[in-house]
Amino acid sequence: MRLLTHNYLQSNVKGTEEGYPLGIVPETVEIEKSPVDRELLLSILPKLNYDAVHQAVAQLRLHCSTLPKLPSTLPENISNDENLVNDLYFVLFDVHVKNGCLVCPATQRKFPIKDGIPNMILHEDEI
Amino acid sequence: MTQTATFRSILAHEPIPSDDQHGYLHIQGAFCPKQQRRDGREQQEEKQESYWTVETLQTALSRVFQHNFASLGFPMAATQVEVLDTVAPFTKIRLIYETPLQALHVLVVIRQRKTTIQSLFQCIDLDEHFGSRPIQATLLTQQPQLSDTIAWTRSSPPKFRRLLMRPGESETLLQEERATTRFVFVSNLLQNEHDADWDEPFWVAQAIRSAFAVDVEVFVNHKSLSKYCHLGFRSAEEAQQAVATYQGKQVEWKWAGATGTEHSITSGMLFLDYASITQRSRRRLVRGDGPGEPSRSECTSLTADVQIPGLVLIPDFVSPEEEAVLLAVLDGPHAPWAPAQNTPTEGGTVKRSVQHCGYVFDYRTADVLRDRSNSGADCPPMPAVDRGDKTLEEYLGESVREGCGWEVVAGVIERVRRTTFSDEDDGEHSYKTINQLTVNRYAPGEGIGSHVDTPSAFGDGLISISLGSGIVMEFNCVQEETKGLRKQVFLPPRSLLLMSKEARYSWEHMIVSRMTDTIDGEVVRRGTRVSLTLRTALDKNGSPMACVESHSFPPCWGNPNLLSPLATPDCERNHVHAVYDAIATQWHHTRGKRGVLWPGATQFLQKLPPGSVVADVGCGDGKYFPAIWEAGSYVIGTDISLPLLETATSAASLCDEGVPESRRVSEPRRHLRNRPAIAVADCMSVPLRTGSCDAAICIAVMHHLSNESRRRRCIEELTEVCI
């Protein structure tokens, strides 16, 4: 699971006011470099929840110290900052949480991640 | 023979031991002169008593049984007489005869003549006073008892049952028993009533043996001898042979009377059948088969004979074809019982399965819940017909052919509404206002307590359609003048029962909880009965409530806020989810991997501006992912089947060989394919942030959702992800 995917996932447990962003409890994290797709990144950025990215990186850095440090807020004109673009791309596309779990911020319900696939299925009493 | 030899009495049914051994007869009584208690001679007697010793008794008895036997009517002499007691009053004597049969003859004479000790000694002119009670005689043997008869004694003779099919028993078990039993039921042994001589069971048994075999056990009951008896052969083979030999034949019984005269009697045409001994455990087996009372053999009849005003039974209201389709939907795997529907009553819950349509009937308050928006009052609407320009019967016929169960339910309800019930006293009636359906499922052994349907809740005219199995309904009159009247009516399958007027208001009706019903004297096992009860729910003013109905099937719960449509119905869980989980790999290889895409969907994806984020809800093995990636976008796929998602990341998915054009991924995007963004999720609850995506696709998914509210919900989820 990429951090980009994580940025879109939320918890729908019954009674959850704000099931976003999900906390990450990583067990295995893999890093696989890929060619930077600048266009894709820049078109996705406006829809991204940057706070969630920032928080996720902070949580993962405890586990994986090679992650770059990101600014707490996104600068206005990011397309000119080549380093930040690369760092962001790296964080969003190249860091994969292989095993671990996601945690609902409101209910602490854990969603397991196995082989990179988070399981967001709810029990019958949670819907 | 030693003193320690063990003797046991021969039971009446046992064959008399063969002639190669002695016959032993045990006689009991007080073989001691009685003291005279009159005329002051008492003292004298006491002195004289001393002469009465074992020796004198022995001498006296041998004179009686070995020399003077004929004067007492005994056919033969005893070979030996033994006094078993050594002191007065000498109660036990053992007589030994040449053969057991001789001993039997003597026994019969003693019993028939009611021989007393007094009469015994009178014949040898012994002028003493002895007891005047009849002697007790017992036939003894040293042979051990058969092992399977060990538990029987004279006080607990075995009980038999004919091995006939009874409700609740397995046929294979019965056939096995019939083939292995050594007991046979015989009837028609006597053509006429028997004479007094026949009262001696040993003798009767011996006589019956003369017709069959000397070593057969004969179980005779005096009262029923003229009707039947039971025979116990040595083996099952012998029993089968006897049945084959004597079935329908007449036999000759021969026997020598106690006096030696030969008698001969011809039986009637024998009827033989296999029987077995009823054991307690067996009885428990039969009873334990199911709950409820055993059937009472009461006469039940059709309504033709039962005069309850307002009670009308229409047989064959539903055709066999309609019944089959109705049962398939009402009692099949998609049966409409509400999920976890509980039907609490005042003292528990209703045992049978119940489902209400239109309005819920609350068993606790015995009233209709009129506000459908209240919690607990939510139920599916009444099934309605949507027949277009077809006639009702055309619509029904077509629905039956197509196997559309709910349409048939709706059609049958409509047929009821259009039916005119004629009443002798009161003209014609029809019940067009029916607005409530209760589907009941009575498993064998289940019933319903005696009740009159709440008059304020339901109007006149209660209709009950029986499907699957018939049942006996009991009516108890509660009207003052005729209180206590009870009538039983058999409701055949596919019949319609109308309870109106007096039958509806003045008679309670019930179904007794039991496994069987007695119909015209015949015990019939109950099957599963599904009944459709049609009623008119009334408002507080006594006017019919509005009919809440829908022709969208299967019926679903009207208020989505009360009962979540999100809960996966069992039918989807069992027939969609489980299937995809099981066939995931195969599906991937034979379907998904071929990469046949819907052209419209592909066009839609290609038109999206590059850099879009697409949600693919129900993505399966990610068939559409390459098209999205190649369009310069990012896709997050969700599916309920983890095995199917796993095929998206399997080695087969990641290889380029033999992959069709539509599934190929260009070099710069291979990293996306190698680690696709996928998550396990239900399309009823898509776990993506509201408005986070630019587009959502949901391809070949909607048809897996089993009802309209779930399909609507899925579309709502898709829109919410994008807007």
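Colleague: How many bridges join S1(A) to strand S2 of chain A?
Modeller: This is a predicted model, in which local features need pLDDT of at least 70 and side-chain atom pairs count only at pLDDT 80 or more, while totals for chains, interfaces and linings use all residues. Residues are numbered from 1 along each chain as its sequence is written, with chains lettered from A and ligands numbered from 1 in the order in which they are written. Strands (E, at least two residues) and helices (H or I, at least four) are DSSP runs numbered from the N terminus, and two strands pair if DSSP finds at least two bridges between them. S1(A) and S2(A), the latter covering residues 95-103, run antiparallel, and the number of bridges joining them is eight.

Colleague: Which residue in S2(A) is the bridge partner of A:Glu30?
Modeller: The open sheet of four strands in chain A has the order S1-S2-S3-S4, with antiparallel pairing, and its edge strands, each pairing on one side only, are S1 (23-31) and S4 (117-118). Across to S2(A), the bridge partner of A:Glu30 is A:His96.

Colleague: Is B:Pro610 buried or exposed?
Modeller: B:Pro610 is placed in the loop between helix H14 (599-607) and strand S33 (613-617) of chain B. A residue is buried if 20 or more other C-beta atoms, placed from the backbone, lie within 10 Å of its own, partly exposed in between, and exposed if 12 or fewer do. Because B:Pro610 has 11 C-beta neighbours inside 10 Å, it counts as exposed.

Colleague: Which residues is B:Pro610 in contact with, leaving aside its neighbours within four places in sequence?
Modeller: Contact means that the C-beta atoms of two residues, placed from the backbone, lie within 7 Å. With those sequence neighbours left aside, the partners of B:Pro610 are A:Glu39, A:Ser43, B:Ala631, B:Gly632 and B:Ser633.

Colleague: At what angle do helix H10 and helix H11 of chain B pack?
Modeller: Axes are lines fitted to C-alpha atoms, for helices over the stretch in contact, and angles run from 0 to 180 degrees between N-to-C directions. H10(B), residues 392-402, and H11(B), residues 405-418, have axes 9 Å apart, and their packing angle is about 155 degrees.

Colleague: Why is H10(B) described as roughly antiparallel to H11(B)?
Modeller: Angles under 35 degrees count as roughly parallel, 65 to 115 as roughly perpendicular, over 145 as roughly antiparallel and the rest as oblique. H10(B) and H11(B) pack at about 155 degrees, which means that H10(B) is, relative to H11(B), roughly antiparallel.
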